[in-house]
Amino acid sequence: TAYGPHVIMLSPLGGDFFLRANIWPSRDEHLFRASGGSAFVYELPHDHNFHFLTYGYFGPGYVSDYWEYDYEAVAGAVGETAGLRFVERGQLTPGKLMHYRAQLDVHSQLPPERMSVSLNVMHSGGAQGWTDQYRFDTQNDRISAVLSAGASEVFLRIAVGLGGEEARDLAERFARTHPSDRMRLTALEAQAGILDDQERDALWARAEASGNRLIAAEAKRQRAELAAVA
């Protein structure tokens with residue numbers, strides 16, 4: 001699966017729901033010291049593009065800071081103001097059941113006092129592949145990264161990078177007409193990856209005037225980065 005080694009799949013994939021277990025080591029354990037907190041998604045504020053239930057199964061449970069935000073109010077550009085609203089700090093104690101709402105709840109998990117285990121009932125649907133999941137800079141109330149790159153995005157980048165004419169034509173058409181803003185941006189990034197700096201700046205200049213909030217914001221950021229290294 002796409003999850004790390006601390007996640008154990010408890011049911012097969014392919015349906016509308018699946019079950020998994022998450023192992024949460026404390027700071028004192030060798031597993032944490034050897035791999036670091038980022039391997040277990042600790043202190044990484046993020047949302048989800050799917051609903052899920054989580055249940056405190058074993059141990060004292062991890063602590064989380066919780067925020068809410070309005071997914072529809074943001075374009076999804078890196079550096080954009082997120083509009084986070086702090087809710088509370090809470091602990092997933094044994095027997096506690098929580099519902100994480102897609103594109104609304106943001107959480108940052110902290111290591112438990114002792115190793116803990118949670119069980120998750122995860123919703124899975126085709127639509128979530130076309131919605132974004134973000135990492136947040138909560139101190140500055142910003143979107144800091146997009147976490148949900150799909151397989152189609154990866155394939156497009158590889159195809160264009162290999163240099164085929166049909167792939168470049170597909171990327172150009174996707175950049176103009178694809179119904180997903182994120183895929184349009186991916187198509188532009190794929191094209192930019194095979195251009196020199198001058199051609200890349202011209203590509204992003206056209207994109208900046210596209211009238212699309214996400215693409216215009218990302219194009220402006222790309223041009224600023226190009227200007228900074230020129």
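**Exercise 1. The second largest pocket**

Task: For the predicted model, determine how the residues lining the second largest pocket divide by class, and locate this pocket in the chain.

Solution. Step 1: the lining of the second largest pocket consists of seven nonpolar, two polar and five charged residues.

Step 1: the lining comprises 14 residues in total, and those nearest the centre of the pocket are Y71, A75, D132, Y134 and D181. The elements that contribute two or more residues to this lining are α4 (181-192) and α6 (213-229).

Step 2: the volume of the second largest pocket is about 230 Å³.

**Exercise 2. The largest cavity**

Task: State how many cavities of 30 Å³ or more a search of the whole structure finds, and describe the lining of the largest cavity by class.

Solution. Step 1: the search of the whole structure returns one cavity of 30 Å³ or more. The volume of the largest cavity is about 30 Å³.

Step 1: the residues lining the largest cavity are W24, G56, Y57, F58, G61, Y62, L92, S116, V117 and S118. At least two of the lining residues come from β3, and at least two from β8 (116-123).

Step 2: sorted by class, the lining of the largest cavity holds six nonpolar and four polar residues, with no charged residues.

**Exercise 3. The setting of N49**

Task: Decide whether N49 is buried or exposed, and identify which backbone oxygen its side chain reaches.

Solution. Step 1: N49 belongs to the loop that runs between α1 (30-35) and β3 (52-58).

Step 1: the relative accessible area of N49 is 9%. The cut-off for a buried residue is under 20%, and N49 is therefore buried.

Step 2: at 2.9 Å, the side chain of N49 reaches the backbone oxygen of T131.

Step 3: when neighbours within four places in sequence are left aside, the residues in contact with N49 are A102, Q103, Q128, T131, D132, Q133 and S148. One of these contacts of N49, D132, is also among the residues nearest the centre of the second largest pocket.

**Exercise 4. Aromatic pairs**

Task: State how many aromatic pairs there are, and explain why the pair formed by Y66 and Y100 ties together separate parts of the chain.

Solution. Step 1: the count of aromatic pairs is 11. In one of these, F50 and F52 form a tilted pair, with 5.8 Å from centre to centre and 45° between the planes. F50 and F52 are both buried.

Step 1: the ring centres of Y66 and Y100 are 6.1 Å apart, and the planes meet at 45°, so this pair is tilted.

Step 2: Y66 is part of strand β4 (residues 63-68) and Y100 is part of strand β6 (residues 97-100); the pair therefore ties together parts 34 residues apart in sequence. Both Y66 and Y100 are buried.

Step 3: W24, F32, F40, Y42 and Y62 are linked into a cluster by ring pairs.

**Exercise 5. The end of the chain and the whole**

Task: Decide whether A230 is buried or exposed, and describe the chain by its secondary structure and contacts.

Solution. Step 1: A230 is placed in the segment after α6. Its relative accessibility is 89%, so A230 counts as exposed.

Step 1: A230 and D197 are 33 residues apart along the chain, with 8.6 Å between their C-alpha atoms.

Step 2: the chain contains six helices and 10 strands. Of its 230 residues, 42% are buried.

Step 3: the C-alpha atoms occupy a box of roughly 55 × 40 × 35 Å along the principal axes. Among contacts between residues at least 6 apart in sequence, 69% join residues at least 24 apart.

How values were computed. Residues numbered from 1 in each chain as written. Predicted model: local features only at pLDDT ≥ 70, side-chain atom pairs only at ≥ 80, totals over all residues. Heavy atoms only, no water. 1 Å grid on protein atoms, 1.4 Å probe; cavity = no way out; pocket = protein on both sides within 12 Å on 5 of 7 lines; lining within 4 Å. Points joined across faces, edges and corners; volume = space filled by probe spheres on them. Helix = DSSP H or I, 4+ residues; strand = E, 2+ residues; numbered from the N terminus. Nonpolar A, V, L, I, M, F, W, Y, C, P; charged D, E, K, R; others polar. Buried < 20%, exposed > 50% of the residue type's maximum accessible area, 1.4 Å probe, protein only. Polar contact = N/O pair within 3.5 Å; in protein donor to acceptor, adjacent residues only side chain to side chain. Contact = heavy atoms within 4.5 Å. Phe/Tyr/Trp six-rings, centres within 6.5 Å; stacked < 30°, edge-to-face > 60°.
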